[in-house]
Amino acid sequence: MLRREPRSVVAVEPVGPYTLLRIDRGGLEAGIPGQFFMLEAPGRLLPRPMSVCLAPPGELAFLIDPIGPGTRALCSLEAGDRLGLLGPLGNGFRLEVERPLLVGGGIGVAPLPYLSDALGEPPAVLGFRSDWHAEAAALVPNAEVVVEPTLVTDMLPAGRDVLACGPEPMLEAVRRLTPHAQLAWEAPMACGYGACYGCAVEIDGELKRLCVEGPVLHAAA
Ligand SMILES: Cc1cc2nc3c(=O)[nH]c(=O)nc-3n(C[C@H](O)[C@H](O)[C@H](O)COP(=O)(O)OP(=O)(O)OC[C@H]3O[C@@H](n4cnc5c(N)ncnc54)[C@H](O)[C@@H]3O)c2cc1C
Ligand code: FES
């Protein structure tokens, strides 16, 4: 059930260049892997969308790449600080798959630990731009890790049900190779629940509000 709650930060842990923000879950449900929450960043007017990375009992954890003012404000929170969360939002991954393979690039690794847990720790292929960024692979069991110039698309075995999250060029390449893959897309989001149309993107000639029709879409859709 969708809820908005002010919650407390339990811990803030560095993972390579990223930050794992662990929050006391309160009455919030974690949702389905691939769903996201809007996190209110201190000092910023608009909340920022973040995928659920881990959902241990009593907690929700988000892996955050500090690329701008909102994400930097979230990464500078400290244990005991309060922030508002709204979620779970959007459509997550479909979990009825026979031979799952998780594929992640960069901060696209964020929803994969929770997804891996839900699917019984299937194999994963993760790509990063440096060994430092690749420290995030420790969050995903059974992962084969590649660092640029090797790309995850160089490593995709045939005959798997691919579930992927990563930068747009990676997702485009994955769907060329595996047309039935489930792909988690990104767009800047202001509301997160369908009201502002700020996240509308054209996919296969159709405008989709990613926050309600995604973020996970079937590549062949
Ligand atoms: C459903 C969803 C889940 C996400 N999950 C995570 C997550 O788990 N961890 C994480 O670190 N990030 C995640 N993101 C991306 C994150 O929300 C953005 O990086 C963040 O909102 C940027 O805010 P900012 O104020 O730090 O930077 P801004 O100043 O807002 O943006 C910095 C730069 O990034 C671009 N940008 C901002 N947001 C996006 C976006 N969503 N897609 C593409 N370009 C963008 C801006 O145009 C600008 O060039 C997710 C995004 C979506 C839509
Ligand atoms: S973020 Fe407002 S409609 Fe999608």
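The model is predicted, so local features need pLDDT of at least 70 and side-chain atom pairs count only at pLDDT 80 or more, while totals for chains, interfaces and linings use all residues. Residues are numbered from 1 along each chain as its sequence is written, chains are lettered from A and ligands numbered from 1 in the order in which they are written, and side-chain values use heavy atoms, with hydrogens and water left out.

Let us begin with the open sheet whose six strands follow the order 4-3-6-1-2-5, with antiparallel pairing. Strands here are DSSP runs of E with at least two residues, helices are runs of H or I with at least four, and both are numbered from the N terminus; two strands pair if DSSP finds at least two bridges between them. Strand 4 (48–51) and strand 5 (59–64) are the edges; each has a single partner strand, so one side of each has no neighbour in the sheet. On average, neighbouring strands of this sheet are turned by 40° against each other, direction ignored (axes are lines fitted to C-alpha atoms). Further in, strand 1 (residues 3–15) and strand 2 (residues 18–24) pair in the antiparallel sense over six bridges. Ala11, for instance, has Arg22 in strand 2 as its bridge partner.

Strand 4, strand 5 and helix 1 (69–75) each supply at least two residues of its shell, and strand 4 gives the largest share, four residues. Of the 20 residues around ligand 1 (those with a heavy atom within 4 Å of the ligand), Arg48, Pro49, Leu63, Gly70 and Thr71 come nearest. Now look at the polar contacts, which are pairs of N or O atoms within 3.5 Å. A backbone N or O atom of Pro49 lies 2.7 Å from a ligand oxygen, and a polar backbone atom of Leu63 is 2.8 Å from a ligand nitrogen. Gly68 also has a polar backbone atom 3.2 Å from an oxygen of ligand 1. On its own, ligand 1 has 880 Å² of accessible area, of which the protein covers 72% (Shrake-Rupley method, 1.4 Å probe).

A further open sheet has six strands in the order 9-8-7-10-11-14, and its pairing is mixed. Strand 9 (143–147) and strand 14 (216–218) are its edge strands, each pairing on one side only. The twist averages 20° from one strand to the next. Strand 11 (residues 182–184) and strand 14 run antiparallel, joined by three bridges, and Leu183 has Leu217 in strand 14 as its bridge partner.

How values were computed: Axes are lines fitted to C-alpha atoms, for helices over the stretch in contact, and angles run from 0 to 180 degrees between N-to-C directions. A polar contact is a pair of N or O atoms within 3.5 Å; within protein, one must be able to donate a hydrogen and the other to accept it, and residues adjacent in sequence count only if both atoms are side-chain atoms.
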